[in-house]
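Colleague: I would like to learn how to read aromatic pairs and helix contacts in a model. Where do we start?

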Amino acid sequence: MVEIITRLRDFRLVRYLFASAGALAVDMGTFLALLALGMMSAPAAAAGYSMGILAHWLLSSRTVFQDSVARRGAERTRQKALFVISALLGLGLTTLVVGLGDWSGLDPRLAKLAAIVLSFALTYLLRKSVVFRGKATDQ
């Protein structure tokens, strides 16, 4: 069993899945708290996603793509900017899906679940192929 866990830890996608789960906990916690406070669903989704962006950078750069994080300076700033751009694209997709779901009468929590799947796929592909491309090898 330990060997299986060790092998899984070596797969970038699995590490990204765990980092995403952590960021998702921050995102959903914020989203649900804001809904409970009476905020409209689309802004609550945007705020939750924004808090998740920060958590995801910290987790991704330290546990998933640590072998391709740029050192200090302009390249690191560029990488952070690309990360934020990928997150903003995910945020836009999330806000759109939740807003459309709410507009069509769908429970905003169900719309948020659909948005999670779509945003996960989009941001993983962008981060793997654009943000953290370089000396990292796919596993």
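**Reading rings and helices**

Modeller: This is a predicted model. Start with F83, which is buried, with a relative accessible area of 1%.

Colleague: Which ring pairs with F83, and how are the planes of the two set?

Modeller: A pair of aromatic rings is described by the distance of the centres and the angle of the planes. For F83 and F132 the centres are 6.2 Å apart and the planes stand at 70°, so this pair is edge-to-face. F83 belongs to helix α4 and F132 to the segment after α5, so the pair ties together parts 49 residues apart in sequence. F132 is buried too, at a relative accessible area of 1%.

Colleague: How many aromatic pairs does a search of the whole structure find?

Modeller: Eight. One of them joins W57 and F83, edge-to-face, with 5.0 Å centre to centre and 75° between the planes. W57 sits in helix α3 and F83 in helix α4, 26 residues apart. Ring pairs also link Y16, W57, F65, F83, F120, Y124 and F132 into a cluster.

Colleague: Which residues of α2 are buried?

Modeller: An α-helix has 3.6 residues a turn, so residues three or four places apart point the same way. In α2 the buried residues include R12, Y16, A19, A23, D27 and F31.

Colleague: How do the axes of α2 and α5 cross?

Modeller: They come within 11 Å and cross at roughly 140°, and the crossing is right-handed. The residues of this contact divide into 11 nonpolar, two polar and five charged. Among those in α2 are Y16 and F31, and among those in α5 are F120 and Y124.

Definitions and conventions. Residues are numbered from 1 along each chain as its sequence is written. This is a predicted model: local features need pLDDT of at least 70, side-chain atom pairs count only at pLDDT 80 or more; totals for chains, interfaces and linings use all residues. Side-chain values use heavy atoms; hydrogens and water are left out. Buried means under 20% relative accessible area, exposed over 50%, partly exposed in between (1.4 Å probe, protein chains only). Helices (H or I, at least four residues) and strands (E, at least two) are DSSP runs, numbered from the N terminus. Axes are lines fitted to C-alpha atoms, for helices over the stretch in contact, and angles run from 0 to 180 degrees between N-to-C directions. A crossing is left-handed if the near helix is turned anticlockwise from the far one by less than a right angle, and right-handed if clockwise. Contact means heavy atoms within 4.5 Å. Ala, Val, Leu, Ile, Met, Phe, Trp, Tyr, Cys and Pro count as nonpolar, Asp, Glu, Lys and Arg as charged, and the others, Gly among them, as polar. Rings of Phe, Tyr and Trp (its six-membered ring) pair if their centres lie within 6.5 Å; planes under 30 degrees apart count as stacked, over 60 as edge-to-face and the rest as tilted.
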